[in-house]
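Reader: Can you walk me through this model? Keep it brisk, and give me the cut-offs as you go.

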Amino acid sequence: YFNRLADQVEFYFKIPRYLPKNLVAACAKPFMKKIAKTPDFGTLDWVEKNNKQRLDIYFGGMDEWKKLPSKWEDFDIIKFDKDNSAAEQFKLDHGYDETKPEAELDIEDMKQAAKFRGGECLSETMTKGDMATKLKWKCGHCGAEFEASPALILLGGHWCPECYIPHKAWDYDAIAKTNPFFAQVWYPNHRKDENNRYDFDELFHIDGVAWDDIKR
Ligand SMILES: [Zn+2]
């Protein structure tokens, strides 16, 4: 793939191929450093200005950043097991009996799935196996009530339109605490003691212009 890619790009992208590797590294380093020092967005800028919020998001805090090795040799590179049989242990629990055929799913399965998402299924009845007709649901995190088909929730992985498609803030640490389904994909790379909430108004307050004005 990379050879094929390299054959098709403009000639100047190919120049580094014919230069000694350490020369490429020596040239690339200051270039990458400049990007990393971009005010507000660069990782080194956050370190220099002790931008706590960004450091917390990205590295898990300044202390974690300080622990990063400075040489590649010192990094503990994780080798992923590409054998598909290992994938079984990473399968998500979808919060209902997945051995049941779709045609057998009923309102009890919906209630169970909603509970596993930290919320409720407000509908009292459904036609057994009807995955298309919308039901009423309630989010346990923000309290929003919404309509969605069983297919969208159970098979599509969607949930609350307010929380899963946030308009005002990223509040996933709090969501993970109330939603076991979501917690499965959140905690593999977040600590349970993290309590970060990222308000868009604060996060995207650029040159004095708040998020609400930028997005317009
Ligand atoms: Zn919600």
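**Zinc site and beyond**

Author: The zinc ion is coordinated by the SG atoms of Cys-139, Cys-142, Cys-160 and Cys-163, at 2.3 to 2.4 Å. Donors here are N, O and S atoms within 2.8 Å of the metal (3.2 Å for Na, K and Ca); water is not among the atoms, so sites may look incomplete.

Reader: What should I know about the source and the numbering?

Author: This is a predicted model, so local features need pLDDT of at least 70 and side-chain atom pairs count only at pLDDT 80 or more, while totals for chains, interfaces and linings use all residues. Residues are numbered from 1 along each chain as its sequence is written, and side-chain values use heavy atoms, with hydrogens and water left out.

Reader: Back to the metal. What is the geometry at the zinc ion?

Author: Tetrahedral, with angles of 103 to 117° among the four donor atoms. Four donors get that label if all angles lie between 85 and 135 degrees. Four count as square planar and six as octahedral if opposite donors are over 155 degrees apart and all others between 65 and 115; anything else is irregular.

Reader: How are the donor residues spaced in sequence?

Author: The pattern is C-x2-C-x17-C-x2-C.

Reader: Cys-160 and Cys-163: buried or exposed?

Author: Cys-160 is buried, and Cys-163 is too. Buried means under 20% relative accessible area, exposed over 50%, and partly exposed in between (1.4 Å probe, protein chains only).

Reader: Switching to salt bridges. How many does a search of the whole structure find?

Author: Ten. The rule is a side-chain nitrogen of Lys or Arg within 4 Å of a carboxyl oxygen of Asp or Glu.

Reader: Which side chain does Lys-100 meet?

Author: That of Asp-109, at 2.7 Å from N to O. Lys-100 is partly exposed because its relative accessibility is 28%. Asp-109, at 3%, is buried.

Reader: And what does Arg-197 bridge to?

Author: One partner is Asp-171, at 3.3 Å, N to O. That pair links distant parts of the chain: Arg-197 is in the loop between α11 and β5 (198–199), Asp-171 in the loop between β4 (169–170) and α10, 26 residues apart. Helices (H or I, at least four residues) and strands (E, at least two) are DSSP runs, numbered from the N terminus. Arg-197 also meets Asp-199, at 3.0 Å, N to O. Salt bridges with shared partners join Asp-171, Arg-197 and Asp-199 into one network.

Reader: How accessible are Arg-197, Asp-171 and Asp-199?

Author: Arg-197 has a relative accessible area of 42%, so it is partly exposed. Asp-171 is buried at 15%. Asp-199 is partly exposed at 24%.

Reader: Now rings. How many aromatic pairs come up?

Author: Eleven. Rings of Phe, Tyr and Trp (its six-membered ring) pair if their centres lie within 6.5 Å; planes under 30 degrees apart count as stacked, over 60 as edge-to-face and the rest as tilted. One of the pairs is Trp-46 with Tyr-58: centres 5.5 Å apart, planes at 70°, so edge-to-face. Trp-46 sits in helix α4 (residues 43–48) and Tyr-58 in helix α5 (residues 52–59), so the pair ties together parts twelve residues apart in sequence.

Reader: Which class does Trp-46 fall into, buried or exposed?

Author: Trp-46 is buried, at 7% relative accessibility. Tyr-58 is exposed, at 53%.

Reader: What about Tyr-172 and Phe-182?

Author: Their ring centres are 5.5 Å apart with planes at 35°, so that pair is tilted. Tyr-172 lies in helix α10 (residues 172–178) and Phe-182 in helix α11 (residues 180–186), ten residues apart. Both are buried. Ring pairs also link Tyr-164, Tyr-172, Phe-182 and Trp-186 into a cluster.

Reader: Last topic, the surface. Which residues make the nonpolar patch?

Author: Phe-11, Tyr-12, Phe-13, Ile-15, Leu-19 and Leu-23, over about 640 Å². Patch residues have over 30% relative accessible area and no salt bridge; like charges are joined within 9 Å, nonpolar side chains (Val, Leu, Ile, Met, Phe, Trp, Tyr) within 5 Å. Areas come from the Shrake-Rupley method with a 1.4 Å probe, and for residues only the protein chains shown count as cover.

Reader: Where does the largest share come from?

Author: Helix α2 (residues 11–14), with three residues. Leu-19 lies in the loop between α2 and α3 (21–36). Leu-19 is partly exposed, at 38% relative accessibility.
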